Amino acid sequence: MLITCLPNVATQVGAYRIMSGNKFHYPVGNPDLPAEEEVKWRAELLRSALKVLQTPVEAPTVFEK
Amino acid sequence: MAKVLHYLNQFFAGIGGEEKAGQEFLFLPKPAGPGVLLHDLLKDGQIEYATVVCGDNYFHEHEETVLASLTEVIAQFQPDLFIAGPAFHAGRFGLACAKSASFVRERFEVPAITGLYEENPGTREIGRHVLVIQTGSSAASMQSTIKRFAELAVLLLNNDQESLELFKEEFCLRIPRRFTVQAAAADSVRALDMLMTKLRGEVFESEIPRVAAAPHPVPAAIQNLSQATLAMVTEGGLVPLGNPDRLESSRGTKYFKYSIEERDDLRPGEFEAMHTGYDTSTVNADPDRLIPVDAMRRLERDGNFARLHNYYYVTTGTGAMPAKMQELGVGIAEELSTSGVNGVVLTAT
């Protein structure tokens, strides 16, 4: 699965499992949070990514976080 | 009566093999070699058919002379269609076909077609508007190729635009290159015209050809995540500090894997991002913001999946050639697959 801030581009090139990242220059970062909060936030984001990996798709699909 | 001019090398014109590669430019007022069959197939159209022949070496050693002679022939014969080859995978002939067809199309605006195997070096010299029928790699496919030539010739001579588009779609090589042309108006004017056309809901055509992504099979969903090995991949250019393998910071042509074994997170000062396509400072301050080792370790420890692969894979995705990226992607996917990895989280900047 792909984490990107340009899901429309990812769809156009035919990636199948797509999730929006936070910012395009730190897709799985959240520097506004205190360090430990950021790790928790990131773990939740990746937990969603794991769900995406388990989801059957037939065409490029953009998943919500 | 329509006129067709056909370009051949010494071999296909039946003059001789390598020993005749120095054959000078020659005009024949009749079809020769594969042109005989092509002329036959076009017979209903009352075609006046002529051939120009040039040795493979002679063309490249005396290109200006050959094109000057070709200019004279065009001026006298006044063809409605120029055909070169087919050259299949023959390198020198393919280049000569590409150059002569491009020259004739560009200089005289005579429709020009050729036939090349996709890896023929001639494909890199194809000019604007020259139609290239995709052929097999050897002359074994001559008969079927010449039939295609005949179909295309008829469409061009009849100016059948609709069928031409369908033919191009099905049988012609896509030449995804940009050409230098003189435009009718400045770019700002053209851009606004295009925008207005779009806003009016009318059909418009972009000046930049879009490279279509090749379709690929849908990766199956992971059935049993608790047994799965997962890997992380990024195009964000994250490498060990000092970039020991010299990953390019743009127009990447390589990928690397780096160990994260026994790491619970990626610390600043140990990794850095090589990438001219984004501001890398936030990732450099905490590389987990690109390759999320810390989060993945937590999920691994909590039993969400079996194992995090010992390496992450990286390339640089900015300013890169799609064909090269596809090649790198295949390489990474093969390595991961043979390492027993079941799923990938790929972060893109």
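This briefing walks through a two-chain structure, from each chain to the contact they share.

The model is predicted. Chain A has 65 residues, and chain B has 349. The two chains touch: 28 residues of chain A are in contact with 30 residues of chain B. Helix 2 of chain A supplies the largest share of chain A's side of that contact.

**Chain A overall**

- Chain A holds two helices and three strands.
- Their order along the sequence is β-α-β-α-β.
- Buried residues make up 35% of the 65 residues of chain A.
- Among contacts in chain A with a separation of 6 or more, 45% join residues 24 or more positions apart.

**A:Pro60, a loop residue in chain A**

- A:Pro60 sits in the loop between helix 2 and strand 3 (61-63) of chain A.
- Setting aside residues up to four places away in sequence, A:Pro60 touches A:Thr11, A:Gly14, A:Ala15, A:Tyr16 and A:Ile18.
- A:Ala10 is 50 residues from A:Pro60 along the chain, yet their C-alpha atoms are separated by 8.2 Å.

**Chain B overall**

- Chain B is built with ten helices and twelve strands.
- Of its 349 residues, 37% count as buried.
- Residues 24 or more positions apart make 70% of the chain B contacts that have a separation of 6 or more.

**Helix 5 of chain B**

- Helix 5 of chain B covers residues 142-157, which is 16 residues.
- An α-helix has 3.6 residues a turn, so residues three or four places apart point the same way.
- Just after helix 5 of chain B comes B:Asn159, with a positive phi of about 50 degrees.

**B:Leu81, a buried residue in strand 4**

- B:Leu81 belongs to strand 4 of chain B.
- B:Leu81 has 21 C-beta neighbours inside 10 Å and therefore counts as buried, the cut-off being 20 or more.
- Beyond its neighbours within four places in sequence, B:Leu81 is in contact with B:Val4, B:Val110, B:Pro111, B:Ala153, B:Leu156 and B:Leu157.
- B:Leu81 and B:Val110 lie 29 residues apart in sequence, but 5.9 Å apart from C-alpha to C-alpha.

**Helices 3 and 4 of chain B**

- Two packed helices are described by the angle between their axes and the distance between the axes.
- Helix 3 (residues 63-77) and helix 4 (residues 91-108) of chain B pack at about 50 degrees, with axes 11 Å apart.
- The two helices are therefore oblique to each other.
- Helix 3 of chain B passes helix 4 of chain B in a right-handed crossing.
- On the helix 3 side of chain B, B:Leu67, B:Leu70 and B:Ile74 meet B:Ser100, B:Phe103, B:Val104 and B:Phe108 of helix 4.
- The residues of this contact are six nonpolar, one polar and no charged.

**Where the chains meet**

- The contact involves 28 residues of chain A and 30 of chain B.
- Strand 1 (2-4) and helix 2 (35-53) of chain A each give at least two residues to the chain A side.
- Helix 2 of chain A gives eight residues, the largest share of that side.
- The chain A side divides into 18 nonpolar, seven polar and three charged residues.

**Helix 2 of chain A against helix 9 of chain B**

- Helix 2 of chain A packs on helix 9 (residues 293-301) of chain B at about 65 degrees, with axes 8 Å apart.
- That angle makes the two helices roughly perpendicular.
- Their crossing is right-handed.
- Helix 2 of chain A contributes A:Val39, A:Arg42, A:Ala43, A:Leu46, A:Arg47 and A:Leu50.
- Helix 9 of chain B contributes B:Asp294, B:Ala295, B:Met296, B:Arg298 and B:Leu299.
- The residues of this contact are seven nonpolar, no polar and four charged.

Technical notes
Residues are numbered from 1 along each chain as its sequence is written. Chains are lettered from A and ligands numbered from 1 in the order in which they are written. This is a predicted model: local features need pLDDT of at least 70, side-chain atom pairs count only at pLDDT 80 or more; totals for chains, interfaces and linings use all residues. Helices (H or I, at least four residues) and strands (E, at least two) are DSSP runs, numbered from the N terminus. The expected span of a helix is 1.5 Å times one less than its number of residues. A residue is buried if 20 or more other C-beta atoms lie within 10 Å of its own, exposed if 12 or fewer, and partly exposed in between; C-beta atoms are placed from the backbone. Two residues are in contact if their C-beta atoms, placed from the backbone, lie within 7 Å. Axes are lines fitted to C-alpha atoms, for helices over the stretch in contact, and angles run from 0 to 180 degrees between N-to-C directions. Angles under 35 degrees count as roughly parallel, over 145 as roughly antiparallel, 65 to 115 as roughly perpendicular and the rest as oblique. A crossing is left-handed if the near helix is turned anticlockwise from the far one by less than a right angle, and right-handed if clockwise. Ala, Val, Leu, Ile, Met, Phe, Trp, Tyr, Cys and Pro count as nonpolar, Asp, Glu, Lys and Arg as charged, and the others, Gly among them, as polar.
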